[in-house]
Amino acid sequence: MVLNFRFAVVSDLHIALPHTIWDHPSRFHLVEVGIPAFENAINHLTKLNLDFLLLPGDLTQHGEPENHRWLEERLSKLPFPTYVVPGNHDVPVVMANEQSIACADFPQYYRQFGYDNTDQLYYTQQLLPGVRLIGLNSNFFNEQGQQMGRLDAQQFQWLEEVLAAAVDELVLVMVHHNVVEHLPHQSRHPMASRYMLENAPELVRLLQRYGVKLVFTGHLHVQDVACAEGVYDITTGSLVSYPHPYRVLEFHRDQQGQEWLQILSHRVESVPEFPNLQQLSRDWMGDRSFPFLVKLLTLSPLNLPLAQAQELAPSLRDFWATIADGDAVLDYPPNSRNKYAAIFKPIVRSPTLVPPP
């Protein structure tokens, strides 16, 4: 079956109405630009004749009901179908509190955007003839109420049933947490592991068994594509973090059954109150990088003494911005700090094409 369609991915919107914004001096997320950046991206995407839009989680700043309501209303006005899944910021608590919605209430806000069945936090939808989307919930709360990235046994059972029934369909999977490592030893690193699905290998094996190749994730705030066992994890950076990216993708299958996916990255260059958004955002991240870098340098695998980490950290202020940009080369001058930066460079660069098998 010949297939040709175009879609977009916009991730980690962290929508925050002005009066809900947390004003903390060390926050990395430039949530002030969330709504105008989303409008900027949507203005571009509405000109492209999209078949659908995917939003892989962290739709809101921290699960505030009014931010969810704002986004629900805005999505209802888009000229193309839109599908969402919850991120850790969307459902940060099991039971509703004075700030956030209850985890189980998320589908109620997004009935038009994947959740025909509001009794569960995952779903499947036919996007086009021969094309199916599976939206997963990777937010899991342990017995102590701590949130982590994990698929529970019930969801795995449901997923296998859906995959077994999706005969002769192209299946796309969307989930918030990464399922393939985008950084070296990401699943075991003290800081990076929280961005991974805890039982990612189990999910990858299941997807590989049923021939599913394409997974769309967020959470890490990095532009990257990684592959394991023939499963591609296409993670898209955050709209409120440098470089404020989003993706436009075109899938093609020819008469011989050869498949390929063209991936084009775009970025929001400016919004009304931040005309030079790219430079301001990079500086914003660098200005807040010192505690993050000191922690990174003192933890495994580097294990630097605190004094040495504090001395090195200022010279690496743009380190995470460089990673987030999807740049293949950490182009630091060849001195002692270069060897520390190189340890954390992404595993696979973002290609423009995911080639046919």
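Analyst: Happy to! Helix α1 passes helix α2 in a right-handed crossing, the near helix being turned clockwise from the far one by less than a right angle. The model is predicted, so local features need pLDDT of at least 70 and side-chain atom pairs count only at pLDDT 80 or more, while totals for chains, interfaces and linings use all residues. Residues are numbered from 1 along each chain as its sequence is written, and side-chain values use heavy atoms, without hydrogens and water.

The pair consists of α1, residues 34-45, and α2, residues 65-75; helices here are DSSP runs of H or I with at least four residues, strands are runs of E with at least two, and both are numbered from the N terminus. Their packing angle is about 15°, and their axes lie 13 Å apart. Those axes are lines fitted to C-alpha atoms over the stretch in contact, with angles from 0 to 180 degrees between N-to-C directions. The two helices are therefore roughly parallel to each other, a label for angles under 35 degrees.

Now for the side chains. From α1 come I35, F38, E39 and I42, which meet W70, L71, R74 and L75 of α2, contact meaning heavy atoms within 4.5 Å. This contact divides into six nonpolar residues, two charged ones and no polar ones (nonpolar: Ala, Val, Leu, Ile, Met, Phe, Trp, Tyr, Cys and Pro; charged: Asp, Glu, Lys and Arg; polar: the others, Gly among them).

Helices α4 (residues 153-165) and α5 (residues 200-209) pack at about 15°, with axes 10 Å apart. That angle makes α4 roughly parallel to α5, and α4 passes α5 in a right-handed crossing. On the α4 side the contact is made by F156, L159, E160 and L163, and on the α5 side by E202, L203, L206, L207 and R209. Here the contact residues comprise six nonpolar, three charged and no polar.

Two further backbone details may interest you. Y242 and P243 are joined by a cis peptide bond with omega of about 5°, and P243 lies in the loop between β11 (231-235) and β12 (245-253). The S300 to P301 bond is cis as well, with omega near 10°; P301 belongs to the loop between α7 and α8 (306-312).

Methods. Parallel < 35°, antiparallel > 145°, perpendicular 65-115°, else oblique.
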